[in-house]
Amino acid sequence: MDIIQATGRKRETYHVQLEYSLLWECAMGIAAVTNTPLLHTLEKPAEEWKRLKASLSEGMPEQLAFVEKHNTWKALLQLLHQEAFASLPAFLDYIGRLAPEELKSICLPYLGIEHQDPRKRAASGDRKAMQELQKLASGNPFFPAYIAFICKTDPAELKRHLTEVMSGWYGTVIEPEAEQLLAVLIRDSEAKRSMQQRMSPEELVEWATGGVAYSPEPSVRRVLLIPQIVYRPWTVEADIEGTKVFHYPVASDSIHPADKYLPDASLVLKHKALGDEIRLRIVKLLSEEDRSLQDLTDRLNIGKSTIHHHLKLLRAARLVDIRDAKYRLRTKAIDSLGQELADFLQHDK
C-alpha cells in the first residue's frame, strides 16, 4: 500500500539517563548471589562466590536464604528508585521512616499506569486487588508469589530484613573495595555519556546493553541506564512509572582501562558464537527468513536438542532472538560486528 506522508513530526523516542551508585551495585550483588540457577553463568567464578559467602557476617546466610525464597532483592531495587541516596545510612533511614502501606506500595512491582489503583489497594490489604495484580503478572515467573508475600508480610519484619541484608552485603562485599568499584562505575558511565553524543537513544541502549533492542513505548519517556559489575554478562530489565530501567554490564575496558589488549566480553561472546560450522549455517538460514526450531531441524537434518543448544548460544551472544515461536537474526548486531572489531583494534593505538 502506498502512503502519502502528511505530517512533519519526527517519530518520538525516549530520553536516556545514566546513573551509577554503590547502592545499586550492592542490591545487584544480593540479587546475583541468590539467583542460584543463574549463578554458574555469571562472570565471577564459582570459587569466588563460595569465598564471598564464607566471609559473610553471622546471620547473613539466613537473610540471603530469605531473599532467595521471596525475591526481596526486587524490593531493594524498587526502593532505590525513590531518591538519589547519598549513602547507605541515608537509604536505611528512608526505609525506616516509611509508613507500612507506602512501603508495600513501593515494593510491589509496577505493572502499568492503568494499574496503579489496584497496586495501592493491594498494599493496604485489599485481597481482591492483590489477586488482580497476581493475574496481571501471571506471565512473570516470580511476580505472583512476590506480590502475595509483599501484601501479607509484616512491614516491620520486612524493614528489618531489608536493612540487615543490605547492611551485611555492603559491609562485607562493597565497602572493602568501594574505591575500585566506584572508579569502574564512573569510567563506564563517562564512556556511555561520550557515546550519547554520537548515537541515537535506541542505538545507545542497544550498544550499552550488548544487544537489547528497545523500541519506544507510548508510556515510556525515559530509559535509565545503570552500570553494574557483579551481574556480568547479564542485563537486568525493570519498569517504574514512565521509565524503563536497564542494569547493564560494564564494559571490560572500564574494569581494566590500562589493558588495551583486553576485548569486551560481548565481542568475545559474539565471535565465539560464530566460530562453529553449525551455528554459521543457522545464521545463514535465519538471514533469509525467520524460522521455527522444527524448520531449522528439518533443513539441517540435525537433532532438535542439538539445534536448540546452538540457538541458545546464539541468543546468549545477542545475535539471535525469538518472537512468536520463530527465531530471527538480529541483523544490526551482525552488521555492527565489523565496526566493533575495528574499534577494538584501533583502541589506544
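Reply: In this predicted model, the crossing of α15 and α16 is right-handed. By class, the residues through which α15 and α16 touch comprise 5 nonpolar and 2 charged ones, with no polar residue among them. The α15 side of this contact is formed by Arg281, Ile282, Leu285 and Leu286, which meet Leu296, Arg299 and Leu300 of α16. Two packed helices are described by the angle between their axes and the distance between the axes. For helix α15, spanning residues 277–288, and helix α16, spanning residues 293–300, the axes come within 11 Å and cross at roughly 120°. Angles of 65 to 115 degrees would count as roughly perpendicular and those over 145 as roughly antiparallel, and α15 and α16 are therefore oblique to each other.

The phi angle of asparagine 301 is near 55°, a positive value in a residue other than glycine. Because its relative accessibility is 71%, asparagine 301 counts as exposed.

A positive phi in a residue other than glycine is found also at alanine 325, where the angle is near 65°. Alanine 325 is placed in the loop between β5 (320–323) and β6 (326–329), and with a relative accessibility of 57% this alanine 325 counts as exposed.

Another backbone feature concerns a peptide bond: the one leading from arginine 232 to proline 233 is cis, with omega near 10°. Proline 233 belongs to the loop that runs between β2 (222–228) and β3 (236–240).

Serine 55, finally, has its place in a helix, namely α2, which covers residues 46–55. A polar atom of the serine 55 side chain lies 2.7 Å from the backbone oxygen of leucine 52, which is within the 3.5 Å limit for a polar contact. Serine 55 counts as partly exposed, because its relative accessibility is 37%. Between the C-alpha atoms of serine 55 and glutamine 78 there is a separation of 27 Å, the two residues being 23 residues apart along the chain.

Methods:
Residues numbered from 1 in each chain as written. Predicted model: local features only at pLDDT ≥ 70, side-chain atom pairs only at ≥ 80, totals over all residues. Heavy atoms only, no water. Axes fitted to C-alpha atoms, helices over the stretch in contact; angles between N-to-C directions. Helix = DSSP H or I, 4+ residues; strand = E, 2+ residues; numbered from the N terminus. Parallel < 35°, antiparallel > 145°, perpendicular 65-115°, else oblique. Left-handed = near helix turned anticlockwise from the far one by under 90°. Contact = heavy atoms within 4.5 Å. Nonpolar A, V, L, I, M, F, W, Y, C, P; charged D, E, K, R; others polar. Buried < 20%, exposed > 50% of the residue type's maximum accessible area, 1.4 Å probe, protein only. Polar contact = N/O pair within 3.5 Å; in protein donor to acceptor, adjacent residues only side chain to side chain.
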